[in-house]
Amino acid sequence: MNVKILETATKSDIKSQIYLVKKNKSKLPSINEGWRFNFSKHSKRKDCETYILTTDKTPEIIEGCLIIDTKSPHQVYMAFVEVAPHNRGDKKRYERVAGCLIAFACRQSFINDKEGYLAFDVLEEKKENETKLMTLYSKKYNAVRFDTSTTMIILPEGSEKLINEFLN
C-alpha cells in the first residue's frame, strides 16, 4: 500500500510503501540493530502477518515494522509495532511512520470483517512508562483503555479517523 511519511529535515512528503513480508523474515529488524523487538523471531508466530514500511527513496532501509494477528475472533490484534531507531527522538529522520502502520492495521481490521476494531497491549517494565505510552496512544491514535487492563482498543470511529489521516 502506498503511503506518505514526512521527512523531518525538508518537511516534505516522501512516497513510501507498506507491504507484507513473506520471505526473508530472518532479515527483519532485531534487537541487535537497536530495535526494541526482535521482528525476525516474532514474525514466525502462527496466524501473524508481518508488514514493513520503506520509502521509495531508500527501499532497502526499514522505517517501521508491524506484526498483526488477523485471526483473533473479534478484532485484529496488533502484536508489535515499532519505528526504526533513527526515527525516534529529536533527530528522527521521518515522522508519521507509526501512524501509518497503526492506520494500516485498522484498515486490515475492516478488510478482515472485524469492523475496524484493533486491539493491542501496552506492556512496559515501569508502570509510569506504561501510563505515559497509554496516554500517547489515547491522544494520538484514538485508543481507549479496556477496563483497568493493559489492553487498549481502537474503536471503528477512531480507526476511520486514522485511516483518513494517515492513509488517504
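Q: Is Tyr117 buried, partly exposed or exposed?
A: Keep in mind that this is a predicted model. Tyr117 sits in the loop between α2 and β7 (118-121). Buried would need under 20% relative accessible area and exposed over 50%. Tyr117 has 30% relative accessibility, so the label is partly exposed.

Q: Which residues make a nonpolar surface patch with Tyr117?
A: The patch covers about 210 Å². Besides Tyr117, its members are Val144 and Leu155.

Q: Where does Leu155 sit, and which residues does Leu155 contact beyond four places in sequence?
A: Leu155 is in the loop between β9 (151-154) and α4. With a relative accessible area of 34%, Leu155 is partly exposed. Setting aside neighbours within four places in sequence, the contacts of Leu155 are Gly116, Tyr117 and Val144.

Q: How far apart in space are Leu155 and Tyr77?
A: In sequence, 78 residues separate Leu155 from Tyr77. From C-alpha to C-alpha, the distance between Leu155 and Tyr77 is 12 Å.

Q: What is the pattern of helices and strands along the protein chain?
A: The protein chain has four helices and nine strands. Reading along the sequence, they come in the order β-β-α-β-β-β-β-α-β-α-β-β-α.

Q: Which radius of gyration does the protein chain have, and what would a compact globule have?
A: The C-alpha atoms fill a box of roughly 40 × 35 × 35 Å along the principal axes. For 168 residues, a compact globule would come out near 15 Å, and the protein chain agrees with that, at 15 Å.

Q: Which residues does Ile102 touch beyond four places in sequence?
A: Ile102 is one of the residues with the most contacts inside the largest core. Leaving out residues up to four places away, Ile102 touches Met78, Val81, Leu118, Tyr137, Tyr141, Ile154 and Leu162.

Q: How many residues are in the second, separate core?
A: Among its members are Trp35, Ile52, Ile67 and Ala84. The count for this second core is 12 residues.

Q: Is His42 buried or exposed?
A: His42 lies in helix α1 (residues 39-42). Not counting residues up to four places away in sequence, His42 touches Phe37, Ile67 and Phe80. The cut-off for burial is under 20%. The relative accessible area of His42 is 18%, so His42 is buried.

Q: What is the relative accessible area of Ser159?
A: Ser159 belongs to helix α4 (residues 156-167). Beyond four places in sequence, Ser159 is in contact with Cys106, Phe110, Gly116 and Ile154. Ser159 is buried, and its relative accessible area is 0%.

Q: Which residue forms a salt bridge with Glu7?
A: Side chains of opposite charge can pair when their charged atoms come close. Glu7 is buried at 11% relative accessible area. At 2.8 Å from N to O, the partner of Glu7 is Lys57.

Q: How many residues apart are Glu124 and Arg36?
A: Glu124 and Arg36 form a salt bridge, with their closest N and O atoms 2.9 Å apart. Glu124 is in the loop between β7 and α3 (127-141), and Arg36 is in the loop between β2 (12-20) and α1. This pair links distant parts of the chain, with a separation of 88 residues.

Q: Which helix holds both Glu130 and Lys127?
A: The side chains of Glu130 and Lys127 meet in a salt bridge at 3.3 Å, N to O. Glu130 is buried at 7% relative accessible area, whereas Lys127 is exposed at 53%. The two are three residues apart, about one turn, in helix α3.

Conventions: Residues are numbered from 1 along each chain as its sequence is written. This is a predicted model: local features need pLDDT of at least 70, side-chain atom pairs count only at pLDDT 80 or more; totals for chains, interfaces and linings use all residues. Side-chain values use heavy atoms; hydrogens and water are left out. A nonpolar core is a set of buried Ala, Val, Leu, Ile, Met, Phe, Trp, Tyr and Cys residues joined through side-chain atoms within 4.5 Å. Buried means under 20% relative accessible area, exposed over 50%, partly exposed in between (1.4 Å probe, protein chains only). Contact means heavy atoms within 4.5 Å. Patches are made of residues with over 30% relative accessible area and no salt bridge: like charges are joined within 9 Å, nonpolar side chains (Val, Leu, Ile, Met, Phe, Trp, Tyr) within 5 Å. Accessible areas come from the Shrake-Rupley method with a 1.4 Å probe; for residues, only the protein chains shown count as cover. A salt bridge is a side-chain nitrogen of Lys or Arg within 4 Å of a carboxyl oxygen of Asp or Glu. The radius of gyration is taken over C-alpha atoms; the globule rule is 2.2 Å times the number of residues to the power 0.38.
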